[in-house]
Amino acid sequence: MGRNREPGISLALYHLFKWSVVSPMLHGYFRGRVLGTENVPKSGPVVVASNHASFFDPPIVACSVQRPVAFMAKEELFSIPVFKEAIRLYGAYPVKRKAVDRQAIRQALDYLENGWATGVFLSGTRTRDGKIPDPKLGAALIAAKAQAPVLPVSLWGTQDIFPSGSKLPRPVPVTVRIGEAIDPPKNSDREILQALTQDCAERIERLHALGR
């Protein structure tokens, strides 16, 4: 968490929103199944890496891993009045997607130092089928700097929540599968980061292929 934030207040609001809105929607409206929670480190820094197909993915992932997760979100979202404050309260922080954003990386490390997990979508943006065709190195880089394990998480079904032309979320079934944590990279050499990133992406896609 950024050093200028108030962890106690932020955590209280985070948990209020999680238990009053996100959890009932995930387990009720979306009939959510969450598998592999035993793989989540109970304490210490962890980088949660996931596929991405819906705006609903960040709160679903955070609710599923049962730890506060701060997610990178594209900076354009922070220009929307009211919405920007809502996502900040839920731990989101802005990232520039066209280049390495050192400020976003620093914020991720701040969150890890304050006991949160940090979440990164390996694709860098939403994909229509939830696959990861071109995984980015952000999760591995943060893991290397923080010496934090990377937790692969697969989201299945979220790509159908908002089909083309729909104005309301559909009550589609959603399954979250959490894989075994991957040890952090020994250093930030590009080849090592690429190898871990590819390994993580392949693990997520194998979990995704299991379906419902």
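Helices and strands here are DSSP runs, numbered from the N terminus. I am working on a predicted model.

**Entry 1. Gln-66 and the end of H2**

I started with Gln-66. It sits in the loop between helix H2 (57–65) and strand S3 (69–74). Most residues other than glycine have a negative phi. I noted that Gln-66 follows H2. Then I checked its accessibility. Gln-66 has 52% relative accessibility, so it counts as exposed, the cut-off being over 50%.

**Entry 2. H2 itself**

I stepped back into the helix. How many residues of H2 are buried? Nine of the nine are, so H2 is largely enclosed by the rest of the structure. I listed the buried residues of H2: Asp-57, Pro-58, Pro-59, Ile-60, Val-61, Ala-62, Cys-63, Ser-64 and Val-65.

I picked Ala-62, which is in helix H2. Its relative accessibility is 0%, so it is buried, the cut-off being under 20%. I also took a distance from this residue. Ala-62 and Ser-23 are 39 residues apart in sequence, and their C-alpha atoms are 9.9 Å apart.

**Entry 3. Core packing**

Which members of the largest nonpolar core touch the most other members? They are Val-47, Val-65 and Ile-142, in a core of 55 residues. Val-65 is in contact with Val-40, Val-48, Leu-151, Val-153 and Ile-178. There is also a second, separate core of five residues, and Ala-73, Leu-77, Phe-78 and Ala-92 are among them.

**Entry 4. Cysteines**

I searched for disulfides next. A disulfide is a covalent bond between the sulfur atoms of two cysteines. The structure holds zero disulfides. Cys-63 has 6% relative accessibility and counts as buried. Cys-200 is buried as well, at 1%.

**Entry 5. Gln-147**

I turned to another positive phi. Gln-147 has a phi near 50°, again positive in a residue other than glycine. Where is Gln-147 placed? I found Gln-147 in the loop between helix H5 (138–146) and strand S6 (150–156). Its relative accessible area is 43%, so Gln-147 is partly exposed.

**Entry 6. The second largest pocket**

Which residues line it? I wrote down Ala-53, Ser-54, Phe-55, Arg-126, Thr-127, Arg-128, Thr-158, Gln-159, Phe-162 and Ser-164. By type, the lining has three nonpolar, five polar and two charged residues.

I followed up Phe-162 from that lining. Phe-162 lies in the loop between S6 and S7. Is it buried, partly exposed or exposed? Phe-162 is partly exposed, with a relative accessible area of 35%. I checked Phe-162 against Phe-55, also a lining residue. The two are 107 residues apart in sequence, and 8.9 Å apart in space from C-alpha to C-alpha. For contacts, I did not count residues up to four places away in sequence. Phe-162 touches Phe-56, Lys-167, Leu-168 and Pro-169.

**Entry 7. The loop between S7 and H6**

I finished with two residues of one loop. Asp-183 is in the loop between strand S7 (175–178) and helix H6 (190–209). Asp-183 is exposed, with a relative accessible area of 63%. I took its C-alpha separation from Thr-118. The pair is 65 residues apart along the chain and separated by 16 Å.

Ala-181 lies in the loop between S7 and H6 too. Its relative accessibility is 32%, so Ala-181 counts as partly exposed. What does Ala-181 contact, leaving aside neighbours within four places in sequence? I found Pro-149, Val-150, Leu-151, Pro-152 and Arg-203. Leu-151 was also on my contact list for Val-65. Last, I took a distance to Val-46. Ala-181 and Val-46 are 135 residues apart in sequence, with C-alpha atoms 8.7 Å apart.

Note on methods: Residues are numbered from 1 along each chain as its sequence is written. This is a predicted model: local features need pLDDT of at least 70, side-chain atom pairs count only at pLDDT 80 or more; totals for chains, interfaces and linings use all residues. Side-chain values use heavy atoms; hydrogens and water are left out. A nonpolar core is a set of buried Ala, Val, Leu, Ile, Met, Phe, Trp, Tyr and Cys residues joined through side-chain atoms within 4.5 Å. Buried means under 20% relative accessible area, exposed over 50%, partly exposed in between (1.4 Å probe, protein chains only). Contact means heavy atoms within 4.5 Å. On a 1 Å grid over the protein atoms alone, a cavity is a set of points where a 1.4 Å probe fits but cannot get out, and a pocket is an open set with protein on both sides within 12 Å along at least five of seven lines; lining residues have an atom within 4 Å of a point. Ala, Val, Leu, Ile, Met, Phe, Trp, Tyr, Cys and Pro count as nonpolar, Asp, Glu, Lys and Arg as charged, and the others, Gly among them, as polar. A disulfide is a pair of cysteine sulfur atoms within 2.5 Å. Helices (H or I, at least four residues) and strands (E, at least two) are DSSP runs, numbered from the N terminus.
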